[in-house]
Structure formats: C-alpha cells, structure tokens
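Please open the structure in your viewer and keep the sequence beside it, so that each selection can be followed in turn.

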Amino acid sequence: RGAAWPRLVHFQDEEGRWQEYDNTLIDTGAEDDEEGELTVRKSDQDIRLSKKAKKSKMITVSSAKGSLSWGYMDAGKSVLELTKQKELTEEAGSVQTEEERVEKANNRKLMQSKTAQEGWYRELYRGVDLQVLVTSLGVKENLILKQAGTRTSFDVAYKTEGLTAEQTDRQTVTLRDENGEAVNTLSAPMRSDGAGARSTGVTL
C-alpha cells in the first residue's frame with residue numbers, strides 16, 4: 001500500500017542507497033555541555049541547533065556544497081526546548097484558515113515519521129518566542145509575539161562558507177554554489193501575535 005507524503009521522507013546517501021530521514025535532534029557531545037549543540041540523526045544535510053540562543057552559529061545548515069549559519073543579535077539567555085516527536089505545539093484559541101489546518105495536519109504526519117523536529121527558544125527577546133521546525137526540506141522559523149508593544153525588528157547575522165548569497169526579493173535570498181547552482185533558499189520568517197494574527201511582512 002502506497003502513501004503520499006507532503007514532503008520528502010527519503011534521500012539518497014553517498015553510495016546511492018535510499019535512506020529514511022530522521023530529523024530527531026540528538027546531543028552528540030557531553031551531557032553536561034550547556035554550550036554545545038544538537039544535530040539531526042540522519043539526513044542529507046547536517047543541521048545543528050545551539051543549546052542556547054546566541055549571535056552566531058545558533059542554527060547551522062551544511063552539505064557537501066557549503067554551509068550557512070546564523071544567530072540573533074542581542075538575544076536573551078534562551079535555552080532550546082524540544083517538543084516530543086509525534087506532538088506539535090497547538091496555538092490555543094487561534095483561528096486557522098483551511099490552508100493552515102492542512103499545513104498543521106501535514107506537520108503532525110511528518111512528526112510521526114521522524115522527518116520533523118520542533119524546537120523552541122522561549123523569550124528569545126522579551127515577549128517573543130522563536131519556533132524552529134527542522135524538516136527534510138531544511139529549517140523553518142516562526143517568531144511569536146506574545147504581547148502588545150514588543151519589538152518587531154530583529155537583527156540576524158548570517159555567515160556562509162562555499163556559498164554566495166543573492167538577494168531575490170525583499171523576503172528571499174538564494175544561496176548558490178561555485179557553479180551558480182541554487183543550493184538553498186533563505187526566506188523571511190512568519191510572524192504572529194498572541195491573538196493568532198499572522199503577518200508575512202517580515203523582510204530580509
């Protein structure tokens with residue numbers, strides 16, 4: 001019996017064999033290393049999340065063609081919290097469109113297949129949480145504004161190795177390798193407030 005998935009669930013390894021994504025974030029260092037990072041268990045990309053919020057290498061995505069890392073300037077002392085897989089945080093009381101309901105259902109399905117992992121940096125800034133979704137397509141970030149009057153401008157420091165950044169539009173940056181091939185796309189995060197209102201007005 002076949003199954004249709006909303007996103008990739010398999011990838012080819014260096015030997016051409018098909019492998020199933022397992023984006024469970026695991027600690028590969030010492031358990032008491034509070035300054036370390038977590039990495040995905042099995043993927044065609046090396047995705048790492050720092051245990052603590054910081055201005056550089058807070059999130060890193062690497063492949064054989066190059067790497068991209070970034071961090072949030074002036075971030076608070078936020079510690080990464082992981083959501084148990086098969087569970088996706090629900091936004092209580094929020095009003096969802098049909099498209100958002102479908103997306104959330106797909107995300108739950110992805111969680112069950114271990115192709116996605118959700119993490120949170122609570123109080124990244126005062127009144128602002130950062131949600132990070134690690135999937136087979138890469139990393140998706142959502143900024144959650146929990147109260148009125150909180151900051152709406154965020155400075156993020158990006159660093160590339162082996163890749164060239166090309167501004168596509170105000171919300172998109174394309175990362176190309178030495179041959180000009182598009183390797184990754186950097187998109188502005190979604191922003192929402194405590195009432196569930198969402199905005200795509202964030203620019204890069």
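Begin by selecting Trp70, a residue that is buried, with a relative accessible area of 4%, and bear in mind throughout that this is a predicted model. A search of the whole structure finds two aromatic pairs, and one of them joins Trp70 to Tyr158 in a tilted arrangement, with 6.0 Å from centre to centre and 40° between the planes. Trp70 belongs to strand β7 and Tyr158 to strand β12 (residues 156-161), so that this pair links distant parts of the chain, 88 residues apart. Tyr158, with a relative accessible area of 34%, is partly exposed.

Next, select Tyr125 together with Phe154, which form a tilted pair whose centres are 5.5 Å apart and whose planes stand at 45° to each other. Because Tyr125 lies in strand β9 (residues 117-125) and Phe154 in the loop between β11 (138-145) and β12, the pair ties together parts that are 29 residues apart in sequence. Both Tyr125 and Phe154 are buried.

Then select Arg122 and Trp120, where the charged end of Arg122 sits over the ring of Trp120, 4.2 Å from its centre.

Finally, turn to two loop residues. Lys57, in the loop between β5 (46-50) and β6 (59-63), has a positive phi of about 50° although it is not a glycine, and it is partly exposed at 43% relative accessibility. Asp74, in the loop between β7 (66-72) and β8 (80-82), likewise has a positive phi, near 60°, without being a glycine, and Asp74 is exposed, with a relative accessible area of 64%.

Conventions: Residues are numbered from 1 along each chain as its sequence is written. This is a predicted model: local features need pLDDT of at least 70, side-chain atom pairs count only at pLDDT 80 or more; totals for chains, interfaces and linings use all residues. Side-chain values use heavy atoms; hydrogens and water are left out. Helices (H or I, at least four residues) and strands (E, at least two) are DSSP runs, numbered from the N terminus. Buried means under 20% relative accessible area, exposed over 50%, partly exposed in between (1.4 Å probe, protein chains only). Rings of Phe, Tyr and Trp (its six-membered ring) pair if their centres lie within 6.5 Å; planes under 30 degrees apart count as stacked, over 60 as edge-to-face and the rest as tilted. A charge sits over a ring if NZ of Lys or CZ of Arg is within 6 Å of the ring centre and within 35 degrees of the ring normal.
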